[in-house]
Amino acid sequence: MQYSMEIEPANAMLECYRALEDLHSAGKIKDIGAYKFSTEQLEYLLRRCAVVPAMLQAEFHPYLYRKRLVDICRDNSIRMQGFCFIKCVEDPVIIALSRKYRKAPAQIILRWIIQHGVGVLPKSKTPSHIKENANVFDFSLSPNDVEWINSLNQDRSFTPYSVQYRK
């Protein structure tokens with residue numbers, strides 16, 4: 001379920017979600033997921049829903065490090081899948097780590113996302129990039145390097161119609 005609190009009132013979102021809960025209770029759907037929810041929207045939903053979403057797909061990258069959202073998902077057994085706009089591949093920190101680990105900048109970002117316990121589905125049309133994106137399990141970023149990337153956070157979203165995110 002995609003939802004923007006700026007476009008529709010919160011009650012409309014709850015009404016839609018409750019319809020999904022009814023389908024879930026009737027055995028017509030197995031799980032309910034959420035898409036593009038902010039931390040505040042997810043907290044609002046969790047205070048009012050009977051069925052916790054099984055999955056949340058949300059924007060997640062070094063310029064939008066959403067620690068609180070990751071923690072809420074973890075605490076409520078919600079699988080989080082991050083979608084990432086690889087606009088931060090040219091960041092000097094990412095480039096420095098790319099050299100250190102001898103990996104492509106996109107691989108550094110994908111590994112950072114994975115080390116936060118967030119699932120990711122990288123997108124590429126280029127066969128070499130598809131292969132490169134899959135090759136992120138043969139290394140780990142050090143805790144200091146993870147923190148270094150965390151420090152890049154600017155609460156900057158690249159998604160249209162997104163709300164402003166707070167830490």
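Does Gln-81 count as buried or exposed, and at what relative accessibility? The views below, taken from a predicted model, begin with this residue.

View 1. Gln-81 belongs to strand S3. Gln-81 counts as buried because its relative accessibility is 15%, and buried means under 20%. Leaving aside neighbours within four places in sequence, Gln-81 is in contact with Met-55, Leu-56, Gln-57 and Ala-58, and also with Val-118, Gly-119, Val-120 and Leu-121.

**View 2. The four-stranded sheet.** The strands of this open sheet follow the order S1-S2-S3-S4, and their pairing is parallel. Strand S1 (33-35) and strand S4 (119-120) are the edge strands, each pairing on one side only. S1 and S2 run parallel and are joined by three bridges. Tyr-35 has Gln-57 in S2 as its bridge partner. Strands of a sheet pair through backbone hydrogen bonds, in either a parallel or an antiparallel way.

**View 3. The largest nonpolar core.** This core holds 45 residues, and Leu-56 and Ile-149 touch the most other members. Two or more residues come from each of helix H1 (10-25), helix H2 (39-48), strand S2 (55-59), helix H3 (67-75), helix H4 (92-101), H5 and helix H7 (143-150). H5 gives the largest share, six residues. In soluble globular proteins, nonpolar side chains tend to be buried together.

**View 4. Ile-149 and the residues it touches.** Residues up to four places away in sequence are not counted here. Ile-149 touches Pro-62, Val-93, Ile-94, Leu-97, Ile-108, Trp-112 and Leu-141.

**View 5. The buried residues of helix H2.** In H2, the buried residues are Thr-39, Glu-40, Gln-41, Leu-42, Tyr-44 and Leu-45. The buried residues of this helix pack against H1, S2 and H3.

**View 6. The largest pocket.** The volume of the largest pocket is about 450 Å³. Its lining is made up of 22 residues, and those nearest the centre are Cys-84, Ile-86, Leu-121, Pro-122 and Lys-123. At least two residues of the lining come from each of strand S3 (79-83), helix H5 (105-115) and helix H6 (127-134). By type, the lining has 13 nonpolar, six polar and three charged residues. Leu-121, one of the residues nearest the pocket centre, is also among the contacts of Gln-81 in View 1.

Definitions and conventions:
Residues are numbered from 1 along each chain as its sequence is written. This is a predicted model: local features need pLDDT of at least 70, side-chain atom pairs count only at pLDDT 80 or more; totals for chains, interfaces and linings use all residues. Side-chain values use heavy atoms; hydrogens and water are left out. On a 1 Å grid over the protein atoms alone, a cavity is a set of points where a 1.4 Å probe fits but cannot get out, and a pocket is an open set with protein on both sides within 12 Å along at least five of seven lines; lining residues have an atom within 4 Å of a point. Grid points are joined across faces, edges and corners, and a volume is the space filled by probe spheres set on the points. Ala, Val, Leu, Ile, Met, Phe, Trp, Tyr, Cys and Pro count as nonpolar, Asp, Glu, Lys and Arg as charged, and the others, Gly among them, as polar. A nonpolar core is a set of buried Ala, Val, Leu, Ile, Met, Phe, Trp, Tyr and Cys residues joined through side-chain atoms within 4.5 Å. Buried means under 20% relative accessible area, exposed over 50%, partly exposed in between (1.4 Å probe, protein chains only). Contact means heavy atoms within 4.5 Å. Two strands pair if DSSP finds at least two bridges between them.
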